[in-house]
Amino acid sequence: MKLWGGRFTKETNQLVDNFNASISFDQKFYREDITGSIAHVTMLAKQGIITDEEKVSIIDGLNGILTDIDNGTLIIDDSNEDIHSFVEANLIKRIGDAGKKLHTGRSRNDQVALDMKLYVRGEISELEELLKHLLNTIHNIMKENIDTYMPGFTHLQKAQPVTLAHHMGAYFEMFKRDLSRLSDTFNRMNYCPLGSGALAGTTYPLDREYTASLLNFRGATNNSMDSVADRDYIVELLSDLSLIMMHLSRFSEEVIIWNSNEYQFIDMDDSYSTGSSIMPQKKNPDIAELVRGKTGRVYGALISMLTTLKGIPLAYNKDMQEDKEFTFDAIDTAKGCISLFDGMLATMKFNKDNMAASAKNGFTNATDAADYLVNHGVPFRDAHGIVGQLVLYCIDHNIALDDMPLDEYKKISPVFEEDIYDAISMKTCVEKRNTIGAPGMEAMSKVIAANETYLKTL
């Protein structure tokens with residue numbers, strides 16, 4: 001069934017029909033389409049545009065279609081152009097002429113705009129739940145590792161000692177921002193386009209605010225042209241997803257490095273690892289690698305959407321049909337990646353001794369050795385040079401600063417005394433850093449408490 005055709009005298013070329021049709025992918029909207037239609041006819045009856053009897057008949061028919069699709073007795077096929085025509089054709093087949101009144105006062109333009117908003121709104125809620133769970137996983141690791149020392153890095157080189165709690169806290173902040181962005185997108189998009197018609201509203205006395213309230217929107221949109229042409233919220237969502245994937249990818253890169261033989265910071269759980277078909281010793285971090293790889297796929301959806309929209313004049317154009325497939329794919333990809341990464345992280349074992357040894361043997365306490373000299377009256381620039389000489393000595397002798405004999409310290413600077421060893425211990429280096437945001441136990445305890453409060457509000 002086509003929802004148009006009166007002014008056409010020839011059948012559409014089959015290739016055109018195939019190229020134009022969207023039911024192969026917009027059938028995903030069947031629930032949203034029926035939900036929106038029920039709200040629409042409820043409003044039509046309230047306004048006296050259709051009778052209550054017609055409303056009841058239409059709603060019963062729509063609910064029957066929904067039930068039959070859900071239980072598999074009604075199969076969505078490609079005999080219709082899109083999901084809207086599929087639902088309407090089946091409704092008319094079931095209830096007769098009353099079904100022909102379903103489309104009164106609306107266009108497919110505002111109908112598909114509504115369906116897409118309802119779908120995206122529901123997906124945002126699911127994404128938020130997945131991120132909340134991931135945040136709790138990270139938070140639990142932080143609580144358990146407030147004194148797990150490890151190297152912090154710059155330029156992928158060991159820089160200063162931190163804790164695993166501190167390192168994980170950085171990702172907590174990233175995903176916390178991601179959750180906030182999703183919430184902002186939801187709130188900004190949550191206005192109902194139904195009743196905008198093709199682009200210029202309708203002469204029927206619709207109550208658009210009532211329809212909006214039935215569908216749990218904050219209100220009706222204010223401009224009918226923008227209502228049918230707006231896909232900003234999809235761009236925002238794809239941008240949100242791109243940032244989520246970027247954060248997951250950065251985290252994955254670290255997991256891959258930590259899992260390497262050279263680092264051995266972590267042991268991957270067997271349930272989230274794979275082996276090699278030829279090398280029996282291998283245990284590969286495939287989940288992390290796939291998350292890293294799928295990030296580009298989500299980026300591609302964002303660029304595709306921006307490119308599709310950039311040359312479209314007001315109002316609706318068929319180009320907008322291209323908003324769906326890559327948006328569906330990006331959402332499904334991000335949801336799968338968040339869930340799998342969460343499971344991988346929750347089952348991961350941390351080799352605390354290896355982490356601490358790596359921090360100690362990477363001269364991450366060199367800055368603290370310089371600070372020791374400064375606290376004993378040596379200008380920082382001179383202290384910097386002195387510690388550089390200490391590091392060279394240790395490299396030549398294949399030892400850590402902690403293992404360098406005191407007499408060798410004194411040969412380079414007589415300022416050093418026995419207390420240098422306490423000053424550059426991992427515990428001291430970390431624990432004396434207690435400004436807000438630093439890795440010291442006092443500072444981290446406050447952050448963890450704040451995170452506890454935050455998570456309870458979600």
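Colleague: Where is the place of Q264?

Modeller: The place of Q264 is in the loop between α10 and β3 (266-267), where helices (H or I, at least four residues) and strands (E, at least two) are DSSP runs, numbered from the N terminus. Before we go on, please keep in mind that this is a predicted model, in which local features need pLDDT of at least 70 and side-chain atom pairs count only at pLDDT 80 or more, while totals for chains, interfaces and linings use all residues. Residues are numbered from 1 along each chain as its sequence is written, and side-chain values use heavy atoms, with hydrogens and water left out.

Colleague: What is phi of Q264 near?

Modeller: Phi of Q264 is near 55 degrees, which is a positive value in a residue other than glycine. L156 is likewise not a glycine, and has a positive phi of about 60 degrees; L156 is found in the loop between β1 (149-154) and β2 (157-163).

Colleague: Is L156 buried or exposed?

Modeller: The words have cut-offs: buried means under 20% relative accessible area, exposed means over 50%, and partly exposed is in between (1.4 Å probe, protein chains only). L156 has a relative accessible area of 58%, so L156 is exposed, whereas Q264, at 39% relative accessibility, counts as partly exposed.

Colleague: Which peptide bond is cis, with omega near 5 degrees?

Modeller: That is the peptide bond from L314 to A315, and the place of A315 is in the loop between α11 (286-309) and α12 (325-346).

Colleague: How should I read the packing of two helices?

Modeller: Two packed helices are described by the angle between their axes and the distance between the axes. The axes are lines fitted to C-alpha atoms, for helices over the stretch in contact, and the angles run from 0 to 180 degrees between N-to-C directions.

Colleague: At what angle do helix α6 and helix α7 pack?

Modeller: Helix α6 (residues 108-144) and helix α7 (residues 164-189) pack at an angle of about 165 degrees, and their axes are 9 Å apart. Therefore α6 is roughly antiparallel to α7, on a scale where angles under 35 degrees count as roughly parallel, over 145 as roughly antiparallel, 65 to 115 as roughly perpendicular and the rest as oblique. The residues of the contact of α6 with α7 divide into 19 nonpolar, five polar and six charged; here Ala, Val, Leu, Ile, Met, Phe, Trp, Tyr, Cys and Pro count as nonpolar, Asp, Glu, Lys and Arg as charged, and the others, Gly among them, as polar. As for handedness, α6 passes α7 in a left-handed crossing, a crossing being left-handed if the near helix is turned anticlockwise from the far one by less than a right angle, and right-handed if clockwise.

Colleague: How do the axes of α10 and α12 cross?

Modeller: The axes of α10 and α12 cross at roughly 30 degrees and come within 10 Å, which means that α10 is roughly parallel to α12. The crossing of α10 and α12 is left-handed.

Colleague: How many residues has helix α10, and what does it reach from its first C-alpha to its last?

Modeller: Helix α10 (residues 232-258) has 27 residues and reaches 39 Å between those two atoms, close to the 39 Å expected at 1.5 Å a residue; the expected span is 1.5 Å times one less than the number of residues. Of the 27 residues of α10, 20 are buried, so that the helix is mostly covered. D240, whose place is in helix α10, is buried, with a relative accessible area of 6%.

Colleague: What separates the C-alpha atoms of D240 and K143?

Modeller: The two C-alpha atoms are separated by 28 Å, with D240 and K143 97 residues apart along the chain. Another pair to read in this way is Y171 and D403, which are 232 residues apart in sequence and 34 Å apart in space, C-alpha to C-alpha. Y171 is found in helix α7 and is buried, with a relative accessible area of 4%.

Colleague: How many disulfides does a search of the whole structure find?

Modeller: The search finds zero disulfides, a disulfide being a pair of cysteine sulfur atoms within 2.5 Å. Among the cysteines, C192 counts as buried at 1% relative accessibility, and C337 counts as buried at 4%.
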